[in-house]
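Notebook open, model loaded. I wanted to go through the chain piece by piece and jot down what turned up.

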Amino acid sequence: MLSRTWLTTRTATAAARYASSAASKPFDKILVANRGEIACRVFASAKKLGMKTVAVYSEADAHAKHTKMADEAVCVGPAASADSYLVIDNILEAVRMTGAQAVHPGYGFLSENAAFSQALEDEGVAFVGPPPGAITSMGYKIESKRIAQEAGVSTVPGFAGVVGSAEEAVKIAADIGFPVMVKADAGGGGKGMRVAWNESEVAEAFRASTEEAAGAFNNADLLVEKFIHESPRHIEIQLIADKHGNAVYLNERECSLQRRNQKVVEEAPSVVLTPEVRRAMGEQAVALAKAVDYSSAGTVEFLVDANLDFYFLEMNTRLQVEHPVTELITGVDLVEEMFRVAAGEKLSITQDEVKINGWSFESRVYAENPYRDFLPSTGRLTKYVEPGADDPNVRCDSGILPGSEISIYYDPLICKLVTHGPTREAAANTMKRALDEYVIRGVGHNVPFLREVFENDEFNAGNLTTNFIPEHFPDGFHGHQLSPREKHELLASAVAVHHSKLVRAASIDVADQVSSFERPDGGDFVVTIDGEEFHAGIIQGSDDAPAVVVLGEAGFDLNALSDDELAAGAADGSLPVTTYLFDYDYTHGTDLLRGSLSSTAEALADDADASADDFADDVDSEVIVQVVGSDAETYQLQHVGTVYDVKIETPRVHELRQYLPAKPKPDLSKFVLCPMPGQVINVLVQPGEKVAAGQPVAVIEAMKMQNQLLAETDGVVKAINYDEGASVAADDLLIEFE
């Protein structure tokens, strides 16, 4: 029996805000058969239209953001999606209980399930998506490819049928020519897809894709087609169609930046498409939609080669994850259009009215560890602050709150961080700033990697292919390598943060317990970053004027000189120091330091008697640094996306530290530890078996994805501690070597 919870989250002010559009609302009450950020996104448009909202939730999502956001909420089962969000009968019962007139499926789960669409139709409830026939036709890649060919759409060469065995897959691949893509006939999101470059890889790809597809889509059918690997781009066309024969394409999205066939960063428009190619792709997408009597929002995905020849991949009969970038450059609320189409209304826009306004990026922020091959991360968000609260060019589509749990049951997406600007460069710069300001604590996340992407020269030049990540990060991600200027920005920020701590301490005077001490201006500190040592000091300007930060070579005593001597020596080059004006805003105990850093050398050379207050307007670079954590002498500071350990000591403490013994790191090379909670799918070795470094030894499934675990060193298997099918926690000892 389903349980029902009434939620009163809509305020009187909100009700008044939505009342203006209530007269034209498509439905009185709608239900969203999904969770997380997409449920919240759909609710936002529904509330704008004045419609009442119903959420469904699993037991694990009882306190989730989407559950709290809706006017009503119904529990549809246990945590596992197979027992809750994917159970059609439970969703239908929730519809009956609440009297919802329409159901929006979001993406994933039941969004491309023709049986679900038909069941709603049989209940007299509108499905906010395409008709069952279109879902069936386009929901399977083999059938959709056949229809596309008949509609005159360019397609990728390959075998147009279900591949029955690994042996058949090897034979087909040899006929097509390597490399090939082995992919699931159903579903999407990068699941059940593998690239194979030789016969042995085809066999392994068939096995892994079969298991992954069966688990994710309850359909293990696979196809094999040519993998276009010479400068391919993944570009898709967004379309919207109504039930009156009208269809328009809303330009393209560049989705080439992918990892394991999962999109990471998307943008709209694409830097390479000419108006002629855009029109041709759009017209073919519309032709395909009309061939299957399509209505609602949909996306047609293409591969585009270096010659701008394009090939149909598949059609997604749902709202895409990356739809916000299209909304920001066209001004079209796709969710609102979907509701109106489902209610039988005509499209509110014609093809001639579709424009491109500026540029937009979307970064998918995931709970995963980019330093460990992007393995999923689970846990509770101990602190969570989204960026851009006061910036209309920043949009955060998320389904979590501070304290939310990132569990093993669902996709680890934290947020879709979206930015907009008049140009590609402006939108990218806004994204950099937003990523720098994004505060996420408690789980690992991929913000460091996303930030590094936006620092890449080839990315900024628009030179993208689906091979971008393996080509530019062939050995994985190891953090940002600071330029000399960025290192000075980090040093200046570290000294400013430490100075703030000392000022705070100096202001505390507990009688008879702790004696206060003088305000620590101009102190000399030894700062260590990645083993490199600097001497640094800070000279505060008067009132709100910028500080002067002095950076010297290790061993140079800043305290030996007066402020004027330091300034003059920096200006004429007689001292081994560099001085900067640092106009910053930071309060001890907060998360972000914001500032601007500029060199004082030229100005000081002109006037050696000048003070820091004279150069407040000489700004060279914006600095945003996160204070992630700290202990007595070490700060964890995030700069340009990467977190650095920055040690700050007095010269005397630094001198004495050399006498302290270093703590050796434990040798874990003889153990294979589980990197995240999950389930053991395969154990690939046996006790007594010899293995080589880098050899796969086990497969763990977590968050709907399979991950191979590798041996770190050569050895002989001593013990296997978990059987296939067992549930394991992070850091559980799976395999031991002699």
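My entries follow, from the whole chain down to single residues.

**Ground rules.** I am working on a predicted model, where local features need pLDDT of at least 70 and side-chain atom pairs count only at pLDDT 80 or more, while totals for chains, interfaces and linings use all residues. Residues are numbered from 1 along each chain as its sequence is written, and side-chain values use heavy atoms, with hydrogens and water left out.

**Whole chain.** I began with secondary structure and got 20 helices and 39 strands. Helices here are DSSP runs of H or I with at least four residues, strands are runs of E with at least two, and both are numbered from the N terminus. Of the 738 residues, 56% are buried. For that I use under 20% relative accessible area as buried, over 50% as exposed and in between as partly exposed, with a 1.4 Å probe and protein chains only. The chain exposes about 30,700 Å², and carbon and sulfur atoms supply 49% of that. The areas are Shrake-Rupley values with a 1.4 Å probe, and for residues only the protein chains shown count as cover. Then contacts, meaning heavy atoms within 4.5 Å: among those between residues at least 6 apart in sequence, 65% join residues at least 24 apart.

**Cores.** Which residues have the most contacts inside the largest nonpolar core? I found I30, L31, F116 and F339, in a core of 61 residues. Helix α12 (residues 334-342) gives the most to this core, with six residues. The core draws at least three residues from each of domain 1 (29-128) and domain 3 (233-473); the domain bounds come from an automatic or database domain assignment. Apart from it lies another core of 36 residues, including V264, I400, Y438 and I440. My rule for a nonpolar core is a set of buried Ala, Val, Leu, Ile, Met, Phe, Trp, Tyr and Cys residues joined through side-chain atoms within 4.5 Å. In soluble globular proteins, nonpolar side chains tend to be buried together.

I also listed the partners of L31, skipping neighbours within four places in sequence: V54, V56, I91, A94, V95, T98, A100, A102, V103 and H104.

**T53.** This one is in strand β3 (residues 52-58). T53 comes out at 0% relative accessibility, so I log it as buried. Not counting residues up to four places away in sequence, T53 touches I30, F43, A46, K47, M69, A70, D71 and E72. I also checked V42, eleven residues from T53 along the chain: their C-alpha atoms are separated by 9.5 Å.

In α7 (residues 141-150), I have K141, I142, S144, K145, I147 and A148 as buried. The buried residues of α7 pack against α6 (132-139), β7 (180-184), β9, α10 (275-291) and β14 (310-316).

How many residues of α11 (residues 323-330) are buried? I get seven of its eight: H323, P324, V325, T326, E327, I329 and T330. G331 follows α11, with a positive phi near 80 degrees.

**Rings.** My search of the whole structure gave 17 aromatic pairs. Rings of Phe, Tyr and Trp (its six-membered ring) pair if their centres lie within 6.5 Å; planes under 30 degrees apart are stacked, over 60 edge-to-face, the rest tilted. W197 and F227 have ring centres 6.3 Å apart and planes at 80 degrees, so they are edge-to-face. They sit 30 residues apart, W197 in the loop between β8 (193-196) and α9 (199-217), F227 in the loop between β9 (222-226) and β10 (233-241). W197 is partly exposed at 46% relative accessible area, whereas F227 is buried at 12%.

F361 and F454 have centres 5.2 Å apart and planes at 80 degrees, so this pair is edge-to-face. F361 is in strand β15 (residues 359-366) and F454 is in the loop between α14 (447-453) and α15 (457-460), 93 residues apart. Both are buried.

**K432.** Last stop: K432 in helix α13 (residues 424-437). K432 is buried at 17% relative accessible area. Leaving aside neighbours within four places in sequence, I see K432 in contact with R451, F454 and E455.
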